[in-house]
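Hi,

Here is the structure I promised to pass on. Have a look at it first, and then read my notes below.

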Amino acid sequence: MRSCSVFALAMLLAGSALAQSPTYGVGRTPTDEEIRAWDIAISPTGEELPPGSGTVEEGSLVYRRQCAACHGVNGQGAGAPRLVKPNAAPDADPWSLGRILPIRAPYATGVWDYINRGMPLNREGSLSADQVYALTAYLLNLNEVIPEDAVMDAESLPKVQMPNRHNFADLPDWSRGMQRLPGYPH
Amino acid sequence: MGVKRPDRRRFLKGGAQVAGGLTLGAVQPAFGQTPENPTFIKGNEELVLYGERSPFVTSMRMAHPPGGRPSPDAYGLYFHIAAPLQDSVGTITPSSLHFVGTTRGGFIPEIDPREHRLMIHGMVDRPLTFSMDDLKRLPSVTRPHFIECAGNRSRPQYETVQETHGMTSCAEWTGVLLSVLLKEAGVKAGGTWIVAEGREEVKGASSIPMEKAMDDCIVAYAMNGEAVRPQQGFPLRLLVPGFEGIFNSKYLRRVKVVDRYYMTYNDYGHLNRRDDAEGAALGMLIGPKSVITFPSGGQQLLDRGSYEISGLAWSGGGAISKVEVSTDGGRRWVDAQIQGTAHRMAHTRFTYQWTWDGQETELLSRATDETGQIQPSRAQIAEYFNVAVGRVPGMDNSIQPWRIANDGSVHNAIV
């Protein structure tokens, strides 16, 4: 009896371990440093944000040197996408200001993320964390999202309330075999 | 890279000279063959190593949208190329003619596959890095799937099906199911989304629900029997069957398992406003959709008589279960013949043999998918949503009418 229950217990443990273990054993375990270097996706809560900080004034300087040639002085007037909201009434729906990164983005961490992963064109990855914080501060201030004396860092950036934060329609929860829109025959 | 690109112009010119020689009688037929015998395409190293189509076949892609901003633009922001569906046969789009959609990443990275790595990390038991060789050791799947750009919209000013519908294509994709890689890494409880990231210069990242990631997404290293083309994401592309084009991340280098919707730049850029939940729902999944590719806008019927109407149908909801055709502007619908097997989330070829009586008429097609969704007309959409005819919420899957004029010319008839 005893050996039987030990066997059953062993099977139980083996079964639960089996569900957790790799089937093929192919692939290599990356080092923590490798993961840190690659992991540039910044969540809405900013948990992946690196140390560093930047001010609006610092960002203005970085912008002039690194961004203005393509995006224009003060975020407009050149070929690359506009980065400053158009003139509008103070009570205008922020959605109506258009697809401008520092206004449309639902989270300020997303502004940081995009500058960090995609800019400047052909020199991506060349900005320091401090420079990205500073540029984010400058662009958010340019669009009247944060005050001129704000300092952006891993603590303050996720707390910034973006004007379009609650302006997005939810996506439906996907499930296999679902129709696109319940009740819609098409 | 030691092989030189063939010089097409010189090649054509050379062929013309040979042809000219024949008609002038400079080359005598040896065995009394007729002068109609073809000239020869001279064999060369390029044709031995990697074949070419006939110089008489001139089907080409085009920048999209026609008359729109330049593609690609100076900032690589906009690089859309439409497939010539008017010349399509069967269900597979040749890799050279497959549509290309690239927003915010219009430069094609040149990636050495020996150095390429895919990392799976985040909320997993064992982060893993795979080389291309590693991936090819794992169980593979080979499946036909379409990819369609969210901007594939018919507009009244467009003439041809390449303009109205050319931002969709279908290839046979080979790779490893993403679920295999995720199980190998072991998804932790609470891992409800993934963020898939490419290696191009903006490292485009898209959020995908875990349920979809575990269902049928493919980490593809091959299309149409050879390596994925650079414009399609060489060496690795994520296929997210049935979702709008932008989810199908090219140059895939990283899949991060996370516990929430990240709403990345790629994600929120195509999301709808709060008061447009219907548009959001109709923008994520594609179809059901179909279009007649022959006869289609810009083509010409030569004479009254018998013609095979031929077209493509597809849906993000699964397999196409039925395609109907109308040859009288929508008054009467008849079932078209589905050619071969209708695969899930794949272009499906339909045909219908029709006799044109020489009178003006309109040709339409209507697809139904396995979930029972039926392709709507623009009038039905307008009625359902109480909007002006022509406004189509979400992705445009409306019925495409082609008008056949008395002279046999074919025209876009949408309003």
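Leaving aside residues up to four places away in sequence, Val111(A) touches Leu101(A), Pro102(A), Ala105(A), Thr136(A), Leu139(A) and Leu140(A). Please keep in mind that this is a predicted model.

Val111(A) also belongs to the largest nonpolar core, which has 128 residues. Together with Ile120(B), Leu178(B), Ile194(B) and Val219(B), Val111(A) touches the most other members of that core. The biggest contribution comes from helix H7 of chain A (residues 129-142), which supplies 9 residues. On the chain B side, domain 2 (117-271) and domain 3 (284-412) each provide at least three residues.

H7(A) has a helix packed against it too. Helix H3 of chain A (residues 56-66) meets H7(A) at an angle of about 100°, and their axes are 7 Å apart. Angles of 65 to 115 degrees count as roughly perpendicular, so that is how H3(A) and H7(A) lie to each other. From H3(A), the residues making the contact include Val56(A), Val62(A) and Tyr63(A), while those from H7(A) include Ala134(A), Leu135(A) and Tyr138(A). By class, this contact has 7 nonpolar, 4 polar and 1 charged residues.

Now to where the chains meet: 50 residues of chain A are in contact with 57 residues of chain B. On the chain A side, helix H2 (32-38) and helix H6 (108-118) are the elements that give two or more residues. H6(A) gives the most, with 5. The chain A side divides into 25 nonpolar, 15 polar and 10 charged residues.

Note on methods. Residues numbered from 1 in each chain as written. Chains lettered and ligands numbered in written order. Predicted model: local features only at pLDDT ≥ 70, side-chain atom pairs only at ≥ 80, totals over all residues. Core = buried A, V, L, I, M, F, W, Y, C linked by C-beta atoms within 7 Å. Buried ≥ 20, exposed ≤ 12 C-beta atoms within 10 Å, placed from the backbone. Helix = DSSP H or I, 4+ residues; strand = E, 2+ residues; numbered from the N terminus. Domains from an automatic or database assignment. Contact = placed C-beta atoms within 7 Å. Axes fitted to C-alpha atoms, helices over the stretch in contact; angles between N-to-C directions. Parallel < 35°, antiparallel > 145°, perpendicular 65-115°, else oblique. Nonpolar A, V, L, I, M, F, W, Y, C, P; charged D, E, K, R; others polar.
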